[in-house]
Amino acid sequence: MIKLEYFTKEDFQQLIDWIDNEDLLANWAGSLFSFPLTHHSLEWYLDKTNDPQTSDAMVYKAVSTDTGKAVGHISLGSISRKNSSARITRVLIGDDSFKGKGLCCKMVTAILKIAFKQLQLHKVSLGVYDFNKKALGCYTKCGFVTEGVMRDVLKTDDGYWSLVEMSILEDEWRALHPK
(Lines give C-alpha, C1' and ligand atoms only; values in the text may rest on other atoms or scores of the structure.)
Protein backbone atom coordinates (compact mmCIF):
# COMPACT_ATOMS: atom_id res chain seq x y z
CA MET A 1 0.00 0.00 0.00
CA ILE A 2 0.94 3.64 -0.32
CA LYS A 3 0.02 6.88 1.35
CA LEU A 4 0.38 10.39 0.01
CA GLU A 5 2.42 12.91 1.98
CA TYR A 6 3.26 16.47 1.04
CA PHE A 7 6.34 16.80 -1.17
CA THR A 8 8.87 19.10 0.55
CA LYS A 9 12.36 20.49 -0.03
CA GLU A 10 13.73 17.43 1.77
CA ASP A 11 12.40 15.33 -1.14
CA PHE A 12 14.10 17.31 -3.93
CA GLN A 13 17.20 15.15 -4.27
CA GLN A 14 15.19 11.93 -4.49
CA LEU A 15 13.14 13.32 -7.39
CA ILE A 16 16.27 14.66 -9.10
CA ASP A 17 17.85 11.21 -8.81
CA TRP A 18 14.75 9.51 -10.26
CA ILE A 19 14.51 11.81 -13.28
CA ASP A 20 17.88 11.06 -14.80
CA ASN A 21 17.25 11.71 -18.52
CA GLU A 22 15.54 14.25 -20.78
CA ASP A 23 12.88 11.91 -22.15
CA LEU A 24 11.76 10.91 -18.67
CA LEU A 25 11.63 14.57 -17.64
CA ALA A 26 9.55 15.44 -20.72
CA ASN A 27 7.20 12.51 -20.09
CA TRP A 28 6.83 13.56 -16.43
CA ALA A 29 6.47 17.32 -16.87
CA GLY A 30 6.16 18.21 -20.55
CA SER A 31 8.07 21.43 -21.13
CA LEU A 32 7.63 22.80 -17.59
CA PHE A 33 11.22 22.01 -16.54
CA SER A 34 14.60 21.90 -18.27
CA PHE A 35 16.96 18.97 -17.87
CA PRO A 36 18.50 18.37 -15.46
CA LEU A 37 16.12 19.12 -12.61
CA THR A 38 17.67 21.35 -9.96
CA HIS A 39 16.89 22.35 -6.40
CA HIS A 40 16.23 25.88 -7.69
CA SER A 41 13.63 24.76 -10.26
CA LEU A 42 11.92 22.58 -7.67
CA GLU A 43 11.75 25.49 -5.21
CA TRP A 44 9.71 27.36 -7.80
CA TYR A 45 7.53 24.27 -8.30
CA LEU A 46 6.64 24.18 -4.59
CA ASP A 47 6.01 27.91 -4.21
CA LYS A 48 2.56 28.55 -2.67
CA THR A 49 1.48 24.89 -2.77
CA ASN A 50 -0.06 22.47 -0.29
CA ASP A 51 -2.56 24.72 1.47
CA PRO A 52 -5.93 23.01 0.93
CA GLN A 53 -7.76 26.31 1.46
CA THR A 54 -5.84 28.60 -0.89
CA SER A 55 -3.29 26.80 -3.07
CA ASP A 56 -3.92 26.08 -6.72
CA ALA A 57 -1.62 23.05 -6.50
CA MET A 58 -1.07 20.18 -4.08
CA VAL A 59 2.18 18.28 -4.54
CA TYR A 60 2.73 14.84 -3.01
CA LYS A 61 5.20 12.04 -2.68
CA ALA A 62 3.89 8.49 -2.55
CA VAL A 63 5.27 6.57 0.41
CA SER A 64 5.22 2.80 0.80
CA THR A 65 3.39 1.96 4.03
CA ASP A 66 5.48 -1.22 4.26
CA THR A 67 8.92 0.40 4.03
CA GLY A 68 8.29 4.09 4.80
CA LYS A 69 10.25 4.83 1.65
CA ALA A 70 9.21 7.36 -1.02
CA VAL A 71 8.39 5.45 -4.20
CA GLY A 72 6.63 8.00 -6.37
CA HIS A 73 5.35 11.50 -7.03
CA ILE A 74 1.99 13.01 -8.03
CA SER A 75 0.42 16.44 -8.01
CA LEU A 76 -3.02 17.97 -8.27
CA GLY A 77 -2.73 21.31 -10.04
CA SER A 78 -4.84 23.95 -11.74
CA ILE A 79 -7.22 23.79 -8.79
CA SER A 80 -10.16 26.06 -9.55
CA ARG A 81 -12.53 26.54 -6.67
CA LYS A 82 -14.80 28.61 -8.94
CA ASN A 83 -15.16 25.73 -11.43
CA SER A 84 -14.71 22.93 -8.86
CA SER A 85 -12.03 21.36 -11.01
CA ALA A 86 -8.38 20.35 -10.97
CA ARG A 87 -5.81 18.48 -13.04
CA ILE A 88 -3.61 15.53 -12.08
CA THR A 89 -0.06 16.18 -13.23
CA ARG A 90 3.46 14.85 -12.90
CA VAL A 91 2.71 11.22 -12.03
CA LEU A 92 5.80 9.08 -11.53
CA ILE A 93 6.74 5.78 -9.95
CA GLY A 94 10.36 6.67 -9.34
CA ASP A 95 11.62 3.58 -7.55
CA ASP A 96 12.12 0.90 -10.22
CA SER A 97 11.51 -1.91 -7.73
CA PHE A 98 7.92 -0.66 -7.32
CA LYS A 99 7.07 -0.39 -11.03
CA GLY A 100 4.50 -2.79 -12.44
CA LYS A 101 2.86 -3.42 -9.06
CA GLY A 102 -0.26 -1.28 -9.44
CA LEU A 103 1.05 1.65 -7.44
CA CYS A 104 0.14 4.18 -10.10
CA CYS A 105 -3.53 3.28 -9.71
CA LYS A 106 -3.21 3.47 -5.93
CA MET A 107 -1.63 6.94 -6.19
CA VAL A 108 -4.34 8.14 -8.58
CA THR A 109 -7.09 6.70 -6.36
CA ALA A 110 -5.58 8.43 -3.32
CA ILE A 111 -5.35 11.81 -5.05
CA LEU A 112 -8.90 11.48 -6.39
CA LYS A 113 -10.10 10.89 -2.84
CA ILE A 114 -8.44 14.17 -1.84
CA ALA A 115 -9.95 15.94 -4.85
CA PHE A 116 -13.50 14.71 -4.44
CA LYS A 117 -13.81 14.29 -0.66
CA GLN A 118 -11.48 16.86 0.89
CA LEU A 119 -11.55 19.58 -1.78
CA GLN A 120 -15.10 18.70 -2.92
CA LEU A 121 -14.32 19.14 -6.60
CA HIS A 122 -16.62 18.20 -9.46
CA LYS A 123 -14.12 17.30 -12.21
CA VAL A 124 -10.53 16.10 -12.36
CA SER A 125 -8.70 15.95 -15.68
CA LEU A 126 -5.27 14.86 -16.85
CA GLY A 127 -3.19 14.57 -19.99
CA VAL A 128 -1.06 11.58 -20.91
CA TYR A 129 1.11 11.07 -23.96
CA ASP A 130 -0.47 8.61 -26.36
CA PHE A 131 2.50 6.20 -26.37
CA ASN A 132 2.29 5.71 -22.58
CA LYS A 133 0.03 2.65 -22.75
CA LYS A 134 0.56 1.59 -19.13
CA ALA A 135 -0.53 5.01 -17.85
CA LEU A 136 -3.52 5.05 -20.21
CA GLY A 137 -4.56 1.66 -18.83
CA CYS A 138 -4.11 2.84 -15.24
CA TYR A 139 -6.20 5.97 -15.74
CA THR A 140 -8.95 4.06 -17.52
CA LYS A 141 -9.00 1.51 -14.69
CA CYS A 142 -9.39 4.41 -12.22
CA GLY A 143 -12.49 5.61 -14.08
CA PHE A 144 -11.12 8.30 -16.38
CA VAL A 145 -12.84 8.81 -19.73
CA THR A 146 -11.00 9.93 -22.87
CA GLU A 147 -12.19 13.35 -24.02
CA GLY A 148 -9.92 13.67 -27.05
CA VAL A 149 -6.39 13.85 -28.40
CA MET A 150 -4.29 16.98 -28.77
CA ARG A 151 -2.04 16.13 -31.70
CA ASP A 152 1.70 16.93 -31.78
CA VAL A 153 1.77 19.10 -28.65
CA LEU A 154 5.39 18.50 -27.62
CA LYS A 155 8.36 18.62 -29.97
CA THR A 156 11.22 16.26 -29.11
CA ASP A 157 14.43 15.25 -30.85
CA ASP A 158 12.55 12.28 -32.32
CA GLY A 159 9.48 14.18 -33.54
CA TYR A 160 6.27 15.15 -31.80
CA TRP A 161 4.24 13.68 -28.96
CA SER A 162 0.43 13.77 -28.89
CA LEU A 163 -1.53 14.15 -25.65
CA VAL A 164 -4.64 12.17 -24.70
CA GLU A 165 -6.98 14.30 -22.58
CA MET A 166 -8.97 12.38 -19.95
CA SER A 167 -11.28 13.27 -17.07
CA ILE A 168 -13.47 11.87 -14.34
CA LEU A 169 -16.51 13.55 -12.81
CA GLU A 170 -17.48 13.45 -9.16
CA ASP A 171 -20.56 11.24 -9.73
CA GLU A 172 -18.49 8.78 -11.79
CA TRP A 173 -15.91 8.57 -8.99
CA ARG A 174 -18.59 8.15 -6.30
CA ALA A 175 -20.18 5.31 -8.32
CA LEU A 176 -16.81 3.52 -8.22
CA HIS A 177 -16.31 4.31 -4.50
CA PRO A 178 -19.75 4.21 -2.86
CA LYS A 179 -18.44 4.22 0.73
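Reader: At the start of α2, a side-chain oxygen of which residue reaches to within 3.2 Å of the backbone nitrogen of Asp 23?

Author: The model is predicted, with local features requiring pLDDT of at least 70 and side-chain atom pairs pLDDT 80 or more, while totals for chains, interfaces and linings use all residues. Residues are numbered from 1 along each chain as its sequence is written, and side-chain values use heavy atoms, without hydrogens and water. Helices (H or I, at least four residues) and strands (E, at least two) are DSSP runs numbered from the N terminus. The oxygen that comes within 3.2 Å of the Asp 23 nitrogen belongs to Asn 21.

Reader: Within what arc do the buried residues of α2 fall?

Author: In α2, residues 22-29, the buried residues are Leu 25, Ala 26, Trp 28 and Ala 29; buried means under 20% relative accessible area with a 1.4 Å probe, protein chains only. They line one face of the helix, because the directions from the helix axis to their C-beta atoms fall within an arc of 165°.

Reader: Which element supplies the largest share of the lining of the largest pocket?

Author: A pocket is an open set of points on a 1 Å grid over the protein atoms alone, where a 1.4 Å probe fits, with protein on both sides within 12 Å along at least five of seven lines; lining residues have an atom within 4 Å of a point. The largest pocket is lined by 34 residues, and Asn 27, Val 91, Asn 132, Ala 135 and Tyr 139 lie nearest its centre. Elements that each supply at least two lining residues include α2, α4 (103-118) and β6 (145-156). The largest share, seven residues, comes from β4.

Reader: Which element gives the largest share of the lining of the second largest pocket?

Author: This pocket is lined by 14 residues, and those nearest its centre are Glu 22, Asp 23, Ala 26, Lys 155 and Thr 156. Both α2 and β6 supply at least two lining residues. The largest share, four residues, comes from α2.

Reader: Which side chain does a polar contact of 3.0 Å join to that of Lys 61?

Author: Lys 61 lies in strand β2, residues 58-64, and counts as buried because its relative accessibility is 17%. A polar contact is a pair of N or O atoms within 3.5 Å; within protein, one must be able to donate a hydrogen and the other to accept it, and residues adjacent in sequence count only if both atoms are side-chain atoms. At 3.0 Å, the partner of Lys 61 is Asp 11.

Terms used
Buried means under 20% relative accessible area, exposed over 50%, partly exposed in between (1.4 Å probe, protein chains only).
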